[in-house]
Amino acid sequence: MIETATVVCRDGKIVSVGNAELPEDAQRIDLHGDFLSPGFVDIHVHGGNGADFMDATVEAVATACLAHAKHGTTTIFPTTSTGSPEQIMAMIDACGQYQQLQTGPNLEGIHLYGPYFAEDKLGCHSPSGRRDPTPADFNRYFATGLIRIATCAAELPGSLDFYETAKRHGCLITCGHSNSTWGEMQVAFEAGMRHVDHFWCAMSSITSLRQRFPAPMQASMAEFVLMHDEMSTEVLADGCHLAPELLEFAFRMKGPHRLCLVTDCNRALDLPPGNYCFGNPADNSWFYSDGKVGWTLNRKGLASSVVGMDHMVRQMKNSTTATLPEVIRMASLTPAERAGVAELTGSIAPGKRADFVVLDQHLQVKQVFTRGERLF
Ligand SMILES: [Zn+2]
Ligand SMILES: [Zn+2]
């Protein structure tokens, strides 16, 4: 944290940070004591303001991206849910078209999240869109060059082929919606898997593994992530998915270099309570938003979040011992590093993109900049 500094930007990039002289013709923005934070980087996000990325139109992609930019996200990785091959290709195409427009927050790539989930860990995703990975299916997604983050449940037949392909494409490889054992995680790790989606949510635990292997009790994804320094993970710090002690535990065990804040936010962001579709409306997968979090329609399970990254930052700051720079790191530089875009963005450093969020003393968003242009 630097007090009273000047950040000079030119042509959308940061030129200097510190006490540099401002050029005569520079446009000056005085923040009057507010914080200048790197723009947030969200590696797991489904939609916002009525749009789900799986709606698969450029308009839907732009709507969801802008909705999250309002909450401080300047780099976004639209995330697929389960869906037919046609639905997933359409989503990737729409994101590719949005990327060409070069407006709004930066779409650095896509998180191929569904469809390769375990049947017993589907959560709110539609079962009809779930399947095991096959090269005939996933090769065409990777061939677009847009997939930067790739999720597959480690226990599925074909997962190793998937991980090897994802590795060739330089992706962050992650295991999620999975009931895999330590042994399955070990094999996946050797193939390049280094991250686990939303820790404690839709992942194996010692208890859930007893449904697959009654005895002896098996170590799960949780123990694997906690014991391996190379493994990173993410938490849903909306205050509804995980109690404060779990946020503190994840932070203390993994540290700010291995723990990411994600929104995992669905289309109900910034909309009133009510029933909404998860993923593409054609799949008819409904959830209920109470305005704070998504629920399955029977109100017995959670169905992803409905808040933006600024909320996660405030929650993490208020309910853990993480310092403000550590919290900001988990919402910016750490996800940027894990997704392989830290040379472009994720911190306020010369040469990086001028992506900023201005926060007041209560960490409320006051201004948002991408590539040096003010968005909000
Ligand atoms: Zn999920
Ligand atoms: Zn998700």
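Which residues in helix 4 (residues 159-168) are buried? Select that helix and you will find Ser159, Phe162, Tyr163, Thr165 and Ala166 buried, where buried means that 20 or more other C-beta atoms, placed from the backbone, lie within 10 Å of a residue's own, while exposed means 12 or fewer and partly exposed means in between. They cover an arc of only 165 degrees around the axis, which puts them on the same side of helix 4; the arc is that of the directions from the helix axis to the C-beta atoms.

Before going on, note that this is a predicted model, in which local features need pLDDT of at least 70 and side-chain atom pairs count only at pLDDT 80 or more, whereas totals for chains, interfaces and linings use all residues. Residues are numbered from 1 along each chain as its sequence is written, and chains are lettered from A and ligands numbered from 1 in the order in which they are written. The helices (H or I, at least four residues) and strands (E, at least two) are DSSP runs, numbered from the N terminus.

**Around helix 4**

Following helix 4, select glycine 170, which has a positive phi near 70 degrees.

Next select helix 2 (residues 85-101), whose 17 residues reach 25 Å from the first C-alpha to the last, close to the 24 Å expected at 1.5 Å a residue, the expected span being 1.5 Å times one less than the number of residues. Colour Gln87, Ile88, Met91, Ile92, Ala94, Cys95 and Tyr98, which are the buried residues of helix 2. They cover an arc of only 160 degrees around the axis, which puts them on the same side of helix 2. An α-helix has 3.6 residues a turn, so residues three or four places apart point the same way. On the other side of helix 2 you can pick out Glu86 and Gln100, which are exposed.

The partners of the buried residues of helix 2 are helix 1 (58-69), strand 7 (73-78), strand 8 (106-107), strand 9 (110-112) and helix 3 (135-143). Just after helix 2, look at glutamine 102, which takes a positive phi of about 55 degrees.

**Two pairs of helices**

Show helix 1 together with helix 2: their axes come within 8 Å and cross at roughly 65 degrees, where axes are lines fitted to C-alpha atoms, for helices over the stretch in contact, and angles run from 0 to 180 degrees between N-to-C directions. That makes helix 1 roughly perpendicular to helix 2, a term that covers 65 to 115 degrees, while angles under 35 count as roughly parallel, over 145 as roughly antiparallel and the rest as oblique. At this meeting, Val58, Ala60, Val61, Ala62 and Cys65 in helix 1 meet Ala94, Cys95, Gln97 and Tyr98 in helix 2.

Then move to helix 9 (residues 309-319) and helix 10, whose axes come within 10 Å and cross at roughly 145 degrees. Here Met309, Met312, Val313, Met316 and Lys317 in helix 9 meet Leu324, Val327, Ile328, Met330 and Ala331 in helix 10.

**Two single residues**

Stay in helix 10 (residues 324-331) and select arginine 329, which is buried, with 24 other C-beta atoms within 10 Å. Leaving aside neighbours within four places in sequence, arginine 329 is in contact with Pro256 and Thr334.

Finish at asparagine 275 in strand 15 (residues 274-277), a residue that is exposed, with 11 other C-beta atoms within 10 Å.

Key
Two residues are in contact if their C-beta atoms, placed from the backbone, lie within 7 Å.
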